[in-house]
Amino acid sequence: SYAVGIDIGGTKTAIGLIDSSGVILAKTSLPTDLSIKPDEMVDRMAEAVKDLITAQGIQESDLLGIGVGAPGPLNSKTGYIVKPPNLPTWWDFPLVDSLRRHFELPISFENDATAAALAEKWLGAAQDAEHFVFITVSTGIGAGIYTHGKLLTGATGNAGDVGHFVIDASGDQCVCGQHGCWEYLASGTAIARQASALLGREVSSKEAFDLAAAGDVPMKDLIDGIFRYIGIGCVTLINTFDPEMLVIGGGVSQVGAPLFDAVKDYVSQYALNPSGRTTAIVPAALQQDAGLIGAAALVHMPY
Ligand code: ADP
Ligand code: ZN
């Protein structure tokens with residue numbers, strides 16, 4: 001049995017045909033063009049889906065459904081994209097109704113971090129967990145929460161918006177209006193901003209990690225501070241949800257051992273004593289295509 005996964009992002013929308021064991025049989029992508037009306041983008045998505053399945057010799061009636069992951073804030077109950085900062089022309093757009101103009105299939109719709117958490121449960125690092133939190137440290141910070149064997153979606157599908165946990169109320173102001181939010185202090189964007197200020201030139205988060213690893217002391221101090229902030233947010237999540245594991249993904253997690261070792265060390269000292277302190281902290285298993293697999297998981301996995 002097959003599902004179509006659609007992963008809507010700020011730069012591109014990935015579309016794939018995924019079977020019940022998670023194999024991507026075919027995929028394509030459309031650049032996200034903000035000058036094109038969302039309804040027309042949906043027309044293009046639908047056309048791409050139809051081309052994709054036809055090329056595989058599959059008919060619409062062979063599909064279990066369509067899963068859609070999109071950046072929040074959204075409303076998974078009404079099927080609306082609500083206010084994603086990087087899709088300004090899509091605000092208050094009835095995405096699910098727009099897709100229904102093209103397909104008579106069940107459509108599942110959740111925010112992308114929630115979908116990515118379900119993907120880790122389905123095929124990734126959390127297959128055996130009944131309680132875990134997936135955290136993505138990327139352009140921003142987000143989470144998907146899986147508890148008591150189910151996804152925690154919240155009333156509108158926006159549960160897990162942990163990027164705006166306040167970590168340091170004396171910090172600078174975040175786009176959300178609060179001060180010292182987790183993603184303002186510790187996302188990839190935040191690392192690049194702080195490293196650039198330190199060196200007085202444009203520095204990417206990857207370069208900041210490389211300089212710290214090569215022994216640059218001020219940069220190492222900066223990165224240690226970032227890892228401490230990541231640890232603080234992780235302790236809050238552990239103490240709130242009592243998970244068996246945290247799964248950490250997103251571009252920044254690519255740095256690997258330095259981040260995981262620092263977070264494990266922080267958690268081992270400060271999470272709830274004793275059970276929280278030994279919480280497993282593992283890298284996400286699905287990196288490439290995680291968004292597509294997550295969207296398809298919304299169809300293939302009960303949640
Ligand atoms: P998105 O936010 O669009 O989902 P990513 O998960 O790739 O994309 O996250 C992008 C962020 O991660 C950027 O801030 C980028 O600088 C950072 N990043 C990507 N790859 C690496 C890497 N290998 N090491 C450190 N930071 C990285
Ligand atoms: Zn904020």
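Author: A residue counts as partly exposed when its relative accessible area falls between the limits for buried, under 20%, and exposed, over 50%. In this predicted model, Cys176 is partly exposed because its relative accessible area is 39%, and His164, with 22%, is partly exposed as well.

Reader: Which atoms are the protein donors of the zinc ion (ligand 2)?

Author: The zinc ion (ligand 2) is held in the model by ND1 of His164 together with the SG atoms of Cys174, Cys176 and Cys181, lying 2.0 to 2.3 Å from it. Along the sequence these donor residues follow the spacing H-x9-C-x1-C-x4-C. His164 and Cys176 are 12 residues apart, each in the loop between strand E10 (150-152) and helix H4 (182-186).

Reader: Why is the arrangement around the zinc ion (ligand 2) called tetrahedral?

Author: For four tetrahedral donors the ideal angle at a metal is 109.5 degrees. Here the 4 donor atoms subtend angles of 102 to 119°, and therefore the arrangement around the zinc ion (ligand 2) is tetrahedral.

Reader: Turning to the other site, which side chains place a polar atom by an oxygen atom of ligand 1?

Author: A polar side-chain atom of Thr139 lies 2.5 Å from an oxygen atom of ligand 1, while the corresponding distances are 2.8 Å for Ser205 and 3.3 Å for Ser138. Ligand 1 taken alone exposes 560 Å², of which the protein buries 57%.

Reader: How is the shell around ligand 1 made up by class?

Author: The shell around ligand 1 has 8 polar, 2 nonpolar and 1 charged residues, and its largest share, 3 residues, comes from H6.

Note on methods: Residues numbered from 1 in each chain as written. Chains lettered and ligands numbered in written order. Predicted model: local features only at pLDDT ≥ 70, side-chain atom pairs only at ≥ 80, totals over all residues. Heavy atoms only, no water. Polar contact = N/O pair within 3.5 Å; in protein donor to acceptor, adjacent residues only side chain to side chain. Areas by Shrake-Rupley, 256 points an atom, 1.4 Å probe, with all protein chains shown as cover. Helix = DSSP H or I, 4+ residues; strand = E, 2+ residues; numbered from the N terminus. Nonpolar A, V, L, I, M, F, W, Y, C, P; charged D, E, K, R; others polar. Donors = N, O, S within 2.8 Å, 3.2 Å for Na, K, Ca; no water. Tetrahedral: all angles 85-135°; square planar, octahedral: opposite > 155°, others 65-115°. Buried < 20%, exposed > 50% of the residue type's maximum accessible area, 1.4 Å probe, protein only.
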